[in-house]
Amino acid sequence: MNGIVFDIRRYAVHDGPGIRTTVFLKGCPLRCFWCHNPESQTPSIGFINKRRTLDGSEEWLATPVGREMTTDEVMKEIVRDRLYYEESKGGVTFSGGEPLMQHRFLLELLQLCHEEGIHTAVDTSGYANPEVFTRIAEATDLLLFDIKTIDEQCHYETTGQSNQIILNNLSSLDVPNMELIIRIPLIPGINDGINSLTDTIQFLKTIRQPVRRVDFLPFHRLGQHKYEALGLSPSPKLPDPHSIANTPEALALFSAAGFRVKEGG
Ligand code: SF4
């Protein structure tokens, strides 16, 4: 089976336990205004302008983003680092974009990894058809589930989509032997206020699947230059470059509510 892979990064240490290979699949249904990888959002192979200097003069070069790969080709990349996975209790993480947009390709890769005895994680926004979401959750060892905000209006304004399907998917999750880590990108002025954090805690207390940990991902403006290179404008809603998310309060609130917490992925 073929899919569109946006990038493959080896020796990743922030996308799950141990040393991992992260496979980024192309395409995402959301448009978070803080997205660091806007070139990952469209599902097909695209182009980004990259500057290069040749013989002392600068020129812009349209460089492809994404490439079509078979599951066998992806697996060849993954198994190269098997020794590192075994020694560090690591494995493979499938990220995006939104990896569930290529769910058939993803499912085959998850099955092939398990045939090889390799631990798998899927990093998802949860925005997917419920049947697809359940099938993928049942096929992975670890789910890294991103929550942007519980507030539906705020979610719509900041990502372009309602969060109902996301929250319903998380609520209905009930998969034995699969670990769940919640990841919250803390965006200053958007979801780092006490009300927003408290609402998220209340929601997480209602779900059936045990939460192994809540990770808070720091906000940064890296990747904003890519918008220009794609011919897009960075969002005017982006927080001031000097604003800092309220991470200490988030860690304290979730910890007091009984969750294991971590700063960073
Ligand atoms: S879900 Fe992730 S990849 Fe998709 S737009 Fe948001 S930040 Fe970007």
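# A guided tour of a sheet and its helices

Begin by selecting strand 7 (residues 119-124) and strand 8 (residues 142-146): the two run parallel and are joined by four bridges. The model on the screen is predicted. Which residue of strand 8 stands opposite Val122? Display the side chains, and Leu143 will be found in that position.

**Helix 3 and helix 4**

Now select helix 3 (residues 103-115) together with helix 4 (residues 130-139). Their axes are 10 Å apart, and the helices pack at an angle of about 15°. An angle under 35 degrees counts as roughly parallel, and helix 3 is therefore roughly parallel to helix 4. The crossing of these two helices is left-handed. To view the contact, show His103, Leu106, Leu107, Leu110 and His114 on helix 3, and Val132, Arg135, Ile136 and Ala139 on helix 4. By class, this contact of helix 3 with helix 4 contains six nonpolar residues, two polar and one charged.

**Helix 3 and helix 1**

Are they roughly parallel or oblique to each other? The angle makes helix 1 and helix 3 oblique. Their crossing is right-handed. On helix 1, display Thr71, Val74, Met75 and Ile78; these meet Phe105, Glu108, Leu109, Leu112 and Cys113 on helix 3. The contact of helix 1 with helix 3 comprises seven nonpolar residues, one polar and one charged.

**A pair of rings**

The last stop concerns aromatic side chains, of which six pairs are counted in the model. Select one of them, Tyr11 with Tyr84: the ring centres are 5.3 Å apart and the planes stand at 80°, so the pair is edge-to-face. Which parts of the chain does this pair tie together? Tyr11 belongs to strand 1 (residues 2-12) and Tyr84 to helix 2 (residues 82-88), so the pair links parts that are 73 residues apart in sequence.

Terms used:
Residues numbered from 1 in each chain as written. Predicted model: local features only at pLDDT ≥ 70, side-chain atom pairs only at ≥ 80, totals over all residues. Heavy atoms only, no water. Axes fitted to C-alpha atoms, helices over the stretch in contact; angles between N-to-C directions. Parallel < 35°, antiparallel > 145°, perpendicular 65-115°, else oblique. Left-handed = near helix turned anticlockwise from the far one by under 90°. Contact = heavy atoms within 4.5 Å. Nonpolar A, V, L, I, M, F, W, Y, C, P; charged D, E, K, R; others polar. Pairing = 2+ DSSP bridges. Phe/Tyr/Trp six-rings, centres within 6.5 Å; stacked < 30°, edge-to-face > 60°.
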